[in-house]
Amino acid sequence: MKKYDVTALGELLIDFTENGTSGQGNPIYEANPGGAPCNVLAMLAKLERKTAFIGKVGQDIFGNRLKEIVAETGIDISNLVTDKDVRTTLAFVETFPDGDRDFSFYRNPGADMMLREDEVNEDILRDTKIFHFGTLSMTHEEVRRATKKAVETAKAAGAVLSFDPNLREPLWNFLEEAKEQTAYGLSKCDFLKISDNEIRWFTGEEDFDAGIRRLREQYDIPLIVLSMGKDGSRAYYKDLRVEVAPFLQENTIETTGAGDTFGACCLHYVLQCGLDGFHEDSLREMLVFANAAASIITTRKGALRVMPTMNEVQELIKKFK
């Protein structure tokens with residue numbers, strides 16, 4: 001038995017999200033803990049999975065706060081490195097009326113970019129069932145080497161590799177480089193969580209099924225889940241294609257963390273069923289649960305600290321039935 005269910009490597013940062021306006025009419029920003037990999041782990045921790053995080057923050061007020069918050073969620077932070085020479089990455093999130101967002105990053109450099117190969121604890125990677133990563137830890141050479149070392153170490157130890165491209169265009173010098181690193185992730189992963197805009201961007205196909213078909217022709221990925229926002233989600237597994245409607249709520253305020261919550265819930269089912277154990281009913285159950293959890297997070301500010309519990313997700317599913 002391995003100690004950790006899921007270990008993730010990548011960015012841990014502060015999401016400054018709008019939270020009203022001042023008396024002068026200026027936007028007020030709330031400092032929420034964020035970063036896709038830790039959002040995924042936070043949801044898994046709520047589902048009572050054992051998780052660990054590999055990354056770097058600055059030795060500053062934001063980095064110190066992030067360490068405290070992540071530890072509070074139950075995530076193992078023994079490989080969360082602090083660096084006195086670089087600052088913790090910050091992201092300012094603009095929320096549009098429909099709940100979608102745009103990001104402005106302060107990361108030149110940010111601490112998450114500076115994780116080195118020799119700072120990655122290989123023992124954790126050998127002791128995890130699933131290793132999860134994305135492309136934000138591959139935007140720059142130093143952290144790219146660390147990420148690929150982690151991928152190879154986990155793979156050699158028999159871990160399931162989980163990949164979420166999590167495209168953030170402003171963080172890349174050239175989008176062709178983003179495509180190269182996305183292709184690397186696709187070539188290594190056993191489980192892929194990809195969004196509607198990412199499948200269009202990577203394959204050039206407007207039709208999602210055609211885009212997924214192109215991916216499957218190029219890469220051997222046993223399970224692919226596609227998040228489609230207000231249109232729900234799909235799972236592609238062997239010869240099965242399962243689609244589930246979303247849980248739309250009137251009190252949705254923003255979509256930050258929804259995709260991470262969705263992906264985490266799917267990983268919960270991978271742990272439960274095994275990559276070889278899915279069938280049509282279990283895929284449908286997985287997507288319903290993941291859609292419901294993602295819907296709940298859209299009604300809350302931030303993500304990492306406010307992930308729903310198992311009971312909250314089940315109650316929402318019952319309500320919509």
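**Aromatic pairs and an open sheet**

Phe16, Tyr29, Phe62, Phe92 and Tyr106 are linked by ring pairs into a cluster. Rings of Phe, Tyr and Trp (its six-membered ring) pair if their centres lie within 6.5 Å; planes under 30 degrees apart count as stacked, over 60 as edge-to-face and the rest as tilted. This is a predicted model, in which local features need pLDDT of at least 70 and side-chain atom pairs count only at pLDDT 80 or more, while totals for chains, interfaces and linings use all residues. Residues are numbered from 1 along each chain as its sequence is written, and side-chain values use heavy atoms, with hydrogens and water left out.

A pair of aromatic rings is described by the distance of the centres and the angle of the planes. The structure holds 10 aromatic pairs. In one of them, the ring centres of Phe16 and Phe62 are 5.7 Å apart and the planes stand at 90°, so the pair is edge-to-face. Phe16 belongs to strand β2 (residues 13–21) and Phe62 to helix α2 (residues 61–72), so this pair ties together parts that are 46 residues apart in sequence. Helices (H or I, at least four residues) and strands (E, at least two) are DSSP runs, numbered from the N terminus. Phe16 counts as buried at 12% relative accessibility, whereas Phe62, at 25%, counts as partly exposed. Here buried means under 20% relative accessible area, exposed over 50%, and partly exposed in between (1.4 Å probe, protein chains only).

The rings of Phe133 and Phe163 have centres 5.0 Å apart and planes at 35°, so that pair is tilted. Since Phe133 lies in strand β8 (residues 128–134) and Phe163 in strand β9 (residues 160–164), the pair ties together parts that are 30 residues apart in sequence. Both Phe133 and Phe163 are buried.

Strands β8 and β9 also belong to an open sheet of nine strands, in the order β5-β4-β1-β8-β9-β10-β11-β12-β13, with mixed pairing. Two strands pair if DSSP finds at least two bridges between them. At the edges are β5 (76–83) and β13 (240–244), each of which pairs on one side only. Strands of a sheet pair through backbone hydrogen bonds, either parallel or antiparallel. Strand β1 (residues 4–9) pairs with β8 in the parallel sense over four bridges. The bridge partner of Tyr4 in β8 is Thr128.
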